[in-house]
Protein chains: 2
Amino acid sequence: VDETIGAAPGGGFRAVTEAIIGELAELCGAANVANDAKALARYGRDQVPEERYAHLPEVIVKPASTGEIAEIMRIATRERVPVTPRGAGSGLSGGAVPLYGGICLSLERMNRILEIDTKNLIAVVEPGVVTNKLDEAVRPFGLFFAGYPMSEEFCFIGGNVAENAGGGRAIKYGVTGRYITGLEVVLASGEILQLGGKRLKDVTGYDLVSLVVGSEGTLGVITKVFVRLMPRPAHRSTTAALFADARSAMAVVPAIMTGGGIVPTSIEFIDRSSLAESCGMLHETIPYEDAGAMLLLEVDGTHESQVRADAEVLRAVCRAHAPLALILAESEAESERLWKIRKTVPWALKRRTADQSIEDIVVPIAAIPEVLDELRRLEGEFGVAIPCFGHAGDGNLHAHVQKDPSWSREEWQVREPEILTQLYEVVARLGGTISGEHGIGHKRKPYLPLVMSDRQIELMRQIKRAFDPQGLLNPGKIFD
Amino acid sequence: VDETIGAAPGGGFRAVTEAIIGELAELCGAANVANDAKALARYGRDQVPEERYAHLPEVIVKPASTGEIAEIMRIATRERVPVTPRGAGSGLSGGAVPLYGGICLSLERMNRILEIDTKNLIAVVEPGVVTNKLDEAVRPFGLFFAGYPMSEEFCFIGGNVAENAGGGRAIKYGVTGRYITGLEVVLASGEILQLGGKRLKDVTGYDLVSLVVGSEGTLGVITKVFVRLMPRPAHRSTTAALFADARSAMAVVPAIMTGGGIVPTSIEFIDRSSLAESCGMLHETIPYEDAGAMLLLEVDGTHESQVRADAEVLRAVCRAHAPLALILAESEAESERLWKIRKTVPWALKRRTADQSIEDIVVPIAAIPEVLDELRRLEGEFGVAIPCFGHAGDGNLHAHVQKDPSWSREEWQVREPEILTQLYEVVARLGGTISGEHGIGHKRKPYLPLVMSDRQIELMRQIKRAFDPQGLLNPGKIFD
């Protein structure tokens, strides 16, 4: 019972015993508790491709209510067992990986849309609702959920909140946190906090909703989410712009943001090799072979004439930067086709190699051209490929650092931290940071001091201690 | 030296000695330190009208740099003297009142716009910049600051951040916090924190920027603000809609928010007596005498045709609710004239009586009609006038609870807490809270438990302790 698996603040954790498993089975039903090898393996990782970031839980439990979760936390506190909350497992920082074993608390059964309040424009949902399902559910009311992570077809809204997910519409609509007006949170002690609610403004004390948003499951288990809905834009216009090189493409971004007088919905960037891989996988017929980069530009709005006019502004700015081609989507289907090129990039790059580090750097928008130069420099220096794409309009780029095929895995594991350190030093120098939307998890934890002072990390640690004095919730994430 | 003025966590504060005053004068220049009675009186209150919420500082210091502020905090920590940061003194919760005396740290000399970065769409400003001055400074670049507190002509951006100020455009543009990408903060210890910066997205650890926003000067002194700028909307359209009664007017709000398919910039509400007072003071000629309520509706955008179309949607919804009159502003000057009616309300109500409690309740938007009914009930029950106006589009109403002229001030001071308690209980029952944009300060502190659990208050207290272990910064605010 007292086998120490890992170090926790104030002492070691204890192992999950048969008695604890029995108690969980009694609480949630035996069908909702698992500890067979196959299940444990499935819940021991997220979408981080590298094996070494995985770690098995000791038991998986799938509660169906806030009350059950409160009881699980009371058991965990009593037994000093770590608990790692888990959504869809679609994260990219190892955030849902149970680094110290213990209980994997899967929220997959908490998947109900509890209320769509069309008078207050608020949906109340459980954390296990698939993001796109929420958006579909509110569509008949002329509403939409403005968050738009690229994984919306499988990620959970609870995970979006825990990571403060960004996505493809953040320039205009902001990231997940902007739409969260309230949260129900179970603390490590089993106490239940009600933060915010259906009100749209609130300055009553510190903004604990924003504190829990993006806290990666380290402060509490999110059990209910109040989501602000917006009038669904009736029209959109999507344009793909192909350029000879990345620098020409990226010069368009500040020109649009500062000179166009409009706020586009999306400015997505895809570099040469990402574009070639994606278009190749999709058997795309757009003239991508000669292109050094593609921008995917979108505007949306209520009035078709206004959307057309805004789209024309975007294209005029593109034209001033010598595009190879401008492809205007003439229908919803064509819009979807262009977005498919963007959404397929991660899968196409994954096909090239399993040994890659998916990065999520963010810099002030004007610094993007310099970041791209630095990525080419790192490619040259280390002999690796670093294809790159992402949300150019808010300075957030996904650079996939890919292993040189000639290297052994051991060599890769030595080289990868060297490359990441250099990359993050560049990002820090340019006023950016190491994650714009994927989070720190345990994958980026060692690099946090490159972009954050000791004092700031210590403040976060003290906040963590206030919420979770024993350090039981998702231990080993963000900071030690 | 050891005279105890008030209780602080871990012991009492000490008085400001002549030696400390001398040290401050050496640091900031004698001209920037004052402790004469006239100055102390001027810095002993904010815009809360009631005398009993005022309290004198022992000394006022006006530093000109982050370095000076860090040194002031080191002196305060060494001497165990409380420090109350102060912006324009335009607050409405007693937030800038030095409740335990000590040092009033006025940021009025920290009033430089340090940088307008048009490539990154970020302004870097000191906290003492007048909000409107920032907006004017970025106007030549086709940009604007989307925050719009009603006091923008005299409030400071630092105060806007400290209170997370709302205002008249929050429905579409959100509140101050949405535009804050970074902060420089001096802790009680004198340490300087750099939080965020010019990047538009950041999920690197907990969101400490959002934690400091709205923390009312209790966590640190804000010494630099990174403000996100937006393309300035080229066109706006303002409409005043007069209705027979408040209920008819308020029925329009959810109809616009849910049925119009557009997000208006502003939906401001003014009730019968507020309207009469303001129009009377302005010698307004709009037909307000028969009106039971007025809505001020505004849309803005890039294209004139779109703005006209959106404005027509608003007016169509109004027409469906039997307005007495719809007044469309045909020019900028007419827009300003209509806004003037709204902006004059607080001054007009203040003229009526100095003994009033300016409230800032917020409820889910659909609950506004019920709140208005409850205000009428409280008026009847207590025999007071409670004129009411505010930001109806986001459920945030300013109810001014005004003393019955026949009551003595002593009677008023007994009755006011009874009225506020009942009002806040109504707000809590409807899913709202006691402040939408003015903050808690010390004026609303006794009522916090009506809308917040002990556990949540205790969490905030622990966060406070992490930032300011001796409790020196703005003591006695938000919670004890």
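How many nonpolar, polar and charged residues are in the lining of the largest cavity? By class, eight are nonpolar, none polar and one charged. Here Ala, Val, Leu, Ile, Met, Phe, Trp, Tyr, Cys and Pro count as nonpolar, Asp, Glu, Lys and Arg as charged, and the others, Gly among them, as polar.

## Basis

This is a predicted model: local features need pLDDT of at least 70, side-chain atom pairs count only at pLDDT 80 or more, and totals for chains, interfaces and linings use all residues. Residues are numbered from 1 along each chain as its sequence is written, chains are lettered from A in the order in which they are written, and side-chain values use heavy atoms, without hydrogens and water.

## Largest cavity

A cavity is a set of points on a 1 Å grid over the protein atoms alone where a 1.4 Å probe fits but cannot get out; lining residues have an atom within 4 Å of a point. Its lining includes Arg228(A) and Met230(A) from chain A, and Met257(B) and Ile262(B) from chain B.

## Chain interface

82 residues of chain A contact 82 of chain B (heavy atoms within 4.5 Å). The two chains bury about 6500 Å² (accessible area, 1.4 Å probe, lost on being put together, summed over both), 63% of it on carbon and sulfur atoms. In chain A, Lys201(A), Val203(A) and Tyr206(A) lose the most area to chain B.

Six salt bridges link the chains (side-chain nitrogen of Lys or Arg within 4 Å of a carboxyl oxygen of Asp or Glu). One joins Glu191(A) and Arg455(B) at 2.8 Å, N to O.

Key. On a 1 Å grid over the protein atoms alone, a cavity is a set of points where a 1.4 Å probe fits but cannot get out, and a pocket is an open set with protein on both sides within 12 Å along at least five of seven lines; lining residues have an atom within 4 Å of a point.
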